[in-house]
Amino acid sequence: MRHIISVLLENEPGALSRVVGLFSARGYNIETLTVAPTEDPSLSRMTIVSIGSDDVIEQITKHLNRLVDVVKLIDLSDGPHIERELMLIKIRAVGKEREEMKRLADIFRGHIIDVTDKSYTIELTGDSSKLDAFIEAIDRSAILETVRTGSSGLGRGERILKV
């Protein structure tokens with residue numbers, strides 16, 4: 001099962017390395033990882049997406065809680081949450097393809113953020129399945145370059161992660 005773990009940790013050198021090292025040392029895989037400072041410059045928020053059974057994720061969270069840098073964490077998958085990912089994709093757009101690519105971007109509520117004679121760069125946000133669906137809708141040979149941020153998420157309603 002796919003789990004989204006949101007972690008508040010000290011914004012200190014080596015904190016990210018210790019978290020990633022924990023996963024690596026125990027043979028757990030990180031599907032996506034995003035991290036950035038919060039409104040409090042002394043804290044960073046890390047969002048980790050990992051796939052594993054509930055028991056494996058429970059072990060991961062127990063090990064994470066033991067790290068000195070970790071202030072607090074929550075498994076967002078345990079309740080209602082909002083999840084988004086950003087993708088920038090550069091696609092070949094020449095001749096008749098230009099109108100088709102523009103139409104596809106509109107269907108997926110994407111924004112064309114750069115235009116050249118031979119390509120479009122499209123920005124899309126949504127959950128990972130939406131971004132995967134966009135990639136599937138495009139001829140693979142038209143894709144020139146792709147970059148994705150990985151998931152970021154928040155609990156819905158009153159569910160918050162704060163010190």
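Start by selecting D132, which is partly exposed at a relative accessible area of 37%. The model on screen is predicted.

**Stop 1: the salt bridge at D132**

E85, D132 and R148 are linked in a network of salt bridges. Side chains of opposite charge can pair when their charged atoms come close. The structure holds ten salt bridges.

**Stop 2: the whole chain**

Zoom out. The chain has four helices and nine strands. From the N terminus, the elements follow the order β-α-β-β-α-β-β-α-β-β-α-β-β. Along the principal axes, the C-alpha atoms fill a box of roughly 55 × 35 × 35 Å. Of the 163 residues, 38% are buried. Take the contacts between residues at least 6 apart in sequence: 74% of them join residues at least 24 apart. Colour the surface next. The chain exposes about 9,300 Å², and carbon and sulfur atoms supply 52% of that area.

**Stop 3: strand β5 and its partners**

Select β5, residues 81–92. Which strands pair with β5? Show β7 (residues 119–126), which pairs with β5 in the antiparallel sense over eight bridges. Here E85, from the salt-bridge network, stands opposite G126 of β7. Show β8 (residues 143–148) next; five bridges join it to β5, again antiparallel. Then show β9 (residues 152–155), joined to β5 by four bridges and running antiparallel to it. The bridge partner of E83 in β9 is G153.

Stay on β5 and pick K90. K90 stands opposite E145 in β8. The two also form a salt bridge, their closest N and O atoms 3.9 Å apart. That pair links distant parts of the chain, K90 in strand β5 and E145 in strand β8, 55 residues apart. K90 counts as partly exposed, at 32% relative accessibility.

**Stop 4**

Move on to V94, in the loop between β5 and α3 (97–107). V94 counts as partly exposed, at 41% relative accessibility. Draw a distance from V94 to P37. Their C-alpha atoms are separated by 40 Å, with the two residues 57 apart along the chain.

**Stop 5: strand β3, enclosed**

Select β3, residues 43–51. Is β3 largely enclosed or open? Eight of its nine residues are buried, so β3 is largely enclosed by the rest of the structure. Display β1 (residues 2–10): nine bridges join it to β3, and the two run antiparallel. E10 stands opposite L43 in β3. Then display β2, which pairs with β3 in the antiparallel sense over six bridges. T32 stands opposite V49 in β3. Follow the chain from β2 to β3: a hairpin joins them through five residues.

**Stop 6: T34 on β2**

Pick T34 in strand β2. T34 counts as buried because its relative accessibility is 13%, under the 20% cut-off. What does T34 touch beyond four places in sequence? Its contacts are R45, M46, T47, T149, G150, S151 and S152. A polar atom of the T34 side chain lies 3.1 Å from the backbone oxygen of S151. The side chains of T34 and S152 are joined by a polar contact of 3.5 Å.

**Stop 7**

Step to V35, in strand β2 (residues 32–37). V35 is partly exposed, with a relative accessible area of 37%. In a regular strand the side chains alternate between the two faces of the sheet. L16, V20 and V35 make a nonpolar surface patch of about 190 Å².

**Stop 8: E39 and K162**

Finish with E39 and K162. Their side chains meet in a salt bridge, 3.8 Å from N to O. The pair links distant parts of the chain: E39 in the loop between β2 and β3, K162 in the segment after β9, 123 residues apart. E39 counts as exposed at 67% relative accessibility, whereas K162 is partly exposed at 48%.

Methods
Residues numbered from 1 in each chain as written. Predicted model: local features only at pLDDT ≥ 70, side-chain atom pairs only at ≥ 80, totals over all residues. Heavy atoms only, no water. Patch = residues over 30% accessible without salt bridge, like charges linked within 9 Å, V, L, I, M, F, W, Y side chains within 5 Å. Areas by Shrake-Rupley, 256 points an atom, 1.4 Å probe, with all protein chains shown as cover. Salt bridge = Lys/Arg side-chain N within 4 Å of Asp/Glu carboxyl O. Buried < 20%, exposed > 50% of the residue type's maximum accessible area, 1.4 Å probe, protein only. Pairing = 2+ DSSP bridges. Polar contact = N/O pair within 3.5 Å; in protein donor to acceptor, adjacent residues only side chain to side chain. Contact = heavy atoms within 4.5 Å.
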